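Let's take a walk through this model, stopping at a cavity and a few loop residues. Have a look first, then read on.

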Amino acid sequence: MKGGTVQINWHGTKPVLALDFHPVSGVLATGGADFDIKIWQIVSDEAQKKPPTASYQNSLSYHSTSVNTLRFSPSGEFLASGADGGELILWKLHLSDAGQAWKVHKTLLFHRKDILDLEWSVDGAFLVSRSVDNSCSVHQILDGHLHYVQGVAWDPLSKYIASLSSDRTCRIYANKPQNKPKGASKINYVCQHVITKMDQHNANESKSIKNHLFHDETLPSFFRRLAWSPDGSFLLVPAGSYKFSPSSEPINAAYVFSRKDLSRPALQLPGASKPVVAVRFCPLTFKLRGSNSGNAGLFNLPYRLIFAVATLNSLYIYDTESMAPIVIMAGLHYAAVTDIAWSPGAKFLALSSQDGYCTILEFDDQELGSPMPSSVVNVSNDGDWKNTTPEKQGDSVIEIDTSSSSMEVENKKDDENMGKEVGPVATSTPASKPAKRRITPIAIDP
């Protein structure tokens, strides 16, 4: 692996707030506080073993405010971009003999205030957006949050939508279609779970104490970008604030939710000195390396999934076959990280930052592993893994031990004082010697 922060003026001197790779061509789109979207070609110099560079292609100028989020549709035909003031624009790719160009296809007016995140359905037929007007929109307003909605993720199996808000709740909406007269069905998402607190029992007292699972609105970021795994087997949620005991100080974490039980997290990934603000899964699945004999109690998958976890100032890359992260990088930027994106072939991983720069990491062939055929990866809506090849079947589940703690699922806001967030401490731990206690995934007892 090689790479680093590319020292060019991505958006002048303005912060880079979002980025995404085109699923077909692999070009990188970035959105900034200069109101523009810029298209870049990522150039690899494998012959001289130099870090990748970015070559400017063109700009998409239409927004009148800062571009906070952008995402390509799965087919690559459309680009959705959301900005301050509720601006949501669909761009369409037009091909001609002279080349290709992105043109404004439609302007959508779903929100009254700033849009902070977008996600396409797996078939590209629907788009979900979330905003600081405390709502998500899928041509259907998903209310319930009491503060800014800062992250949204669409289940690749099209059954769930997950949202994360600075009101310290994660909401899971399930699609319960409504039948129409002519036999067709209309999407209808209904809130199924509201995850906010965990019950923890004090050894010296009989009463349990409820601790919040997520940071409050003092988290110094506009973004809490959550993500589903590409097979839909689990959901990864950032902005965690976890206590090992009622009397211990909270630590920053990301939570893993199993599809079999989305009412409570199954694992938590601790280890960050700063809050986790974004997570993103590698679009490919990989063959097992056979090195997880001691980790079978965490992920019981017939393949490996790789995902990136970004904090305000660092990057962790995990795979489902290892307990510790396989990559740790820190000190990449002078300001907060805002977004992360994988290229379609998993050759590049990009990060954007409010300091106005982007970091691009390049992976060698087979460095992450051997990709699996897409036909092998098939998970049902119940969370069971189905093998479409004549191999041994298994369950796509996250296995955990049981004990006395329990998760509280609330349907309305807790009126008690949420208290102050513990200030994060700057890390000085070198990437080559991570502290195991802080980076080992830990099963959360039910």
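Predicted model: local features only at pLDDT ≥ 70, side-chain atom pairs only at ≥ 80, totals over all residues.

Residues are numbered from 1 along each chain as its sequence is written, and side-chain values use heavy atoms, with hydrogens and water left out.

Start inside. There are two cavities of 30 Å³ or more; a cavity is a set of points, on a 1 Å grid over the protein atoms alone, where a 1.4 Å probe fits but cannot get out. Volume here is the space filled by probe spheres set on the points, which are joined across faces, edges and corners. The second largest cavity has about 50 Å³ of space. Ten residues line it, and Leu269, Pro270, Val309, Tyr316 and Tyr318 are the closest to its centre (lining means an atom within 4 Å of a point). Strand E25 (267-272) gives the largest share, four residues; strands are DSSP runs of at least two residues, numbered from the N terminus.

Now for the loops. Thr320 sits between strands E28 (314-319) and E29 (327-330), and is buried because its relative accessibility is 4% (buried is under 20%, exposed over 50%, partly exposed in between, with a 1.4 Å probe and protein chains only). Ala346, between strands E30 (337-342) and E31 (348-353), is buried too, at 5%, and its phi is positive, near 60°. Ser158 also has a positive phi, near 65°, but is partly exposed at 29%.

Technical notes:
1 Å grid on protein atoms, 1.4 Å probe; cavity = no way out; pocket = protein on both sides within 12 Å on 5 of 7 lines; lining within 4 Å.
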